[in-house]
Amino acid sequence: MKTENIRTRFAPSPTGFMHIGNLRTALYTYIIAKKYGGKFILRIEDTDQGRYVEGATDVIYNTLKACGLKWDEGPDIGGPVGPYIQSERMGIFKEYAEKLVETGHAYYCFCTKERMEQVHAEQQAKGITPTYDRHCRDLPKEEVEKLLAAGTPYVIRQKVPLDGTTTFHDELYGDITVPNADLDDQILLKADGMPTYNFANVVDDHLMGITHVIRGNEYLSSTPKYNLLYEAFGWEIPTYIHVERIMRDATHKLSKREGDAYFGDFVEKGFYIPAILNYIALLGWAPKGENEIFSLEELIEEFDISGLSKSPAIFDPIKMKAINGEWLRKISHEEFKAAALPYIRQTCKREDIDIDEVVKTLQPRTELLTEIPEKVDFIDELPDYENELFFNKKMKTTPETSLSALTSVLPVLENIPDSDWNEEKIHGAVFAEIEKQGVKNGWMLLPMRAALSGKALTPGGGIELAAILGKNDSISRIKKAIEKLS
RNA sequence: GGCCCGUUGGUCAAGCGGCUAAGACGCCACCCUUUCACGGUGGAAUCAUGGGUUCGAUUCCCGUACGGGUCACCA
């Protein structure tokens with residue numbers, strides 16, 4: 001594969017959503033460009049005005065930006081080969097289509113849609129694949145001119161060779177050869193003068209100097225026709241890399257129905273963006289070594305197309321969560337705090353607590369950011385709890401032992417000066433008491449944790465909770481528990 | 001249906017003719033522990049199938065099955 005002066009492009013249609021499979025294609029496209037010091041180009045393919053969706057291009061911009069996939073040329077920032085919005089390039093295609101007619105690689109077709117429907121219906125009735133029957137392929141020149149002069153509506157079709165084969169090369173799949181007889185004389189220019197995607201794509205990629213085409217596997221079967229076009233124009237054929245799809249299970253694609261198909265869905269579910277990118281990169285691609293946690297920069301370093309898979313990958317939300325958890329644990333305290341704070345503040349609005357302590361205890365125990373609110377809700381308000389909370393088999397605690405544990409630890413806590421109320425000092429004082437009494441850590445600490453949180457599951461143990469809540473609140477919660485237990 | 005592509009544990013996957021067939025997630029057990037996590041140790045679990053080729057096939061070839069893609073004046 002050539003790796004010099006690479007130009008890749010991501011060419012999405014503005015549908016209003018960024019499908020996760022599409023984002024992965026964008027990611028690979030970006031990585032391949034950046035790995036070899038090339039350019040990553042964004043082109044918006046909005047030729048289907050019927051599908052226009054308000055604000056849809058913003059979804060594309062915002063997603064790519066949020067993911068750190070910065071384009072070097074694109075609609076908003078321009079570049080040497082613009083415009084980068086396909087609908088603004090409409091003027092150029094007719095000329096190229098006509099050039100193909102002149103050189104005998106395309107022809108005018110005057111068949112109506114009605115006739116085509118009829119032909120296809122007949123073909124289907126006979127059990128053969130519906131294709132264009134090449135009715136207008138060899139119309140005499142004079143007749144074509146007559147019809148054109150009369151203003152007859154027409155399309156321009158590709159004149160695919162009747163026999164022989166076409167071979168194209170894909171970096172992943174190798175050489176793929178198909179008989180030309182299986183290729184349809186596809187429409188290049190529609191009756192309204194607009195190009196079809198199949199045509200616009202080839203022309204635009206060439207005009208924009210795209211050297212590497214990275215795209216979904218669904219284009220594999222139309223690639224021979226693209227090659228024929230490149231050859232007809234005498235243009236250099238780009239390097240192709242077709243990537244497999246992402247599936248929900250063996251037979252279904254990811255769908256919007258399940259809320260598992262779009263980038264935005266995952267952000268909403270509490271996934272951390274670098275982790276999303278990391279996981280989707282791993283779907284259908286395997287790194288050389290054993291590490292699988294990669295930042296975007298590390299992916300650029302590590303990526304190699306030889307690691308790409310030729311079979312579809314099934315999306316595994318559980319693994320994605322695990323990767324997310326790894327990310328959340330590995331980032332710095334400050335980064336985690338920035339990501340977690342909005343979630344903490346959903347249920348924990350108190351300002352008088354040690355928020356860094358909250359962040360610290362949360363960080364190793366959070367897989368999804370959305371788990372945070374219910375984890376910290378006890379801070380603002382001590383929930384109602386039953387004395388059963390003090391039973392713990394492993395720590396051998398009961399409401400009775402807990403009462404004596406709390407009664408004995410209360411004065412110890414009260415003796416800690418306000419200014420010394422931090423994890424280290426509390427730990428020292430409480431453990432001194434534990435040692436003095438000769439009891440097990442858990443015998444003392446489990447009741448503390450229960451009294452301070454009112455919950456069976458908490459982020460952090462008794463001492464951490466005390467540090468978070470501050471002296472006043474800790475003491476009053478313990479007093480409350482003593483009262484309940486008495 | 002025609003054509004094209006694919007098939008290693010439940011999932012992601014390494015593997016490029018000779019291996020006890022990596023690793024990760026998940027699962028189970030144990031250890032650590034201030035609950036839950038984190039961390040650590042160990043375990044169960046895979047080459048779709050039938051033929052070749054070969055001294056030897058997960059690996060190469062052919063067939064079968066299964067899955068996917070594609071066959072628009074959509075992209």
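So, how many helices and strands are there in chain A? There are 20 helices and twelve strands, where helices are DSSP runs of H or I with at least four residues, strands are E runs of at least two, and both are numbered from the N terminus.

Quick housekeeping. This is a predicted model, where local features need pLDDT of at least 70 and side-chain atom pairs count only at pLDDT 80 or more, while totals for chains, interfaces and linings use all residues. Residues are numbered from 1 along each chain as its sequence is written, and chains are lettered from A and ligands numbered from 1 in the order in which they are written.

Okay, overall shape. Along the principal axes, its C-alpha atoms fill a box of roughly 110 × 50 × 35 Å. As for burial, 36% of the 486 residues count as buried, meaning 20 or more other C-beta atoms, placed from the backbone, lie within 10 Å of a residue's own.

Now, one sheet. β3, β4 and β7 form an open, antiparallel sheet in the order β3-β4-β7; strands pair if DSSP finds at least two bridges between them. β3 (106–109) and β7 (187–189) are at the edges with a single partner strand each, so one side of each has no neighbour in the sheet. Between β4 (residues 155–158) and β7 there are two bridges, and Arg157 sits opposite Ile187 in β7.

Definitions and conventions: A residue is buried if 20 or more other C-beta atoms lie within 10 Å of its own, exposed if 12 or fewer, and partly exposed in between; C-beta atoms are placed from the backbone.
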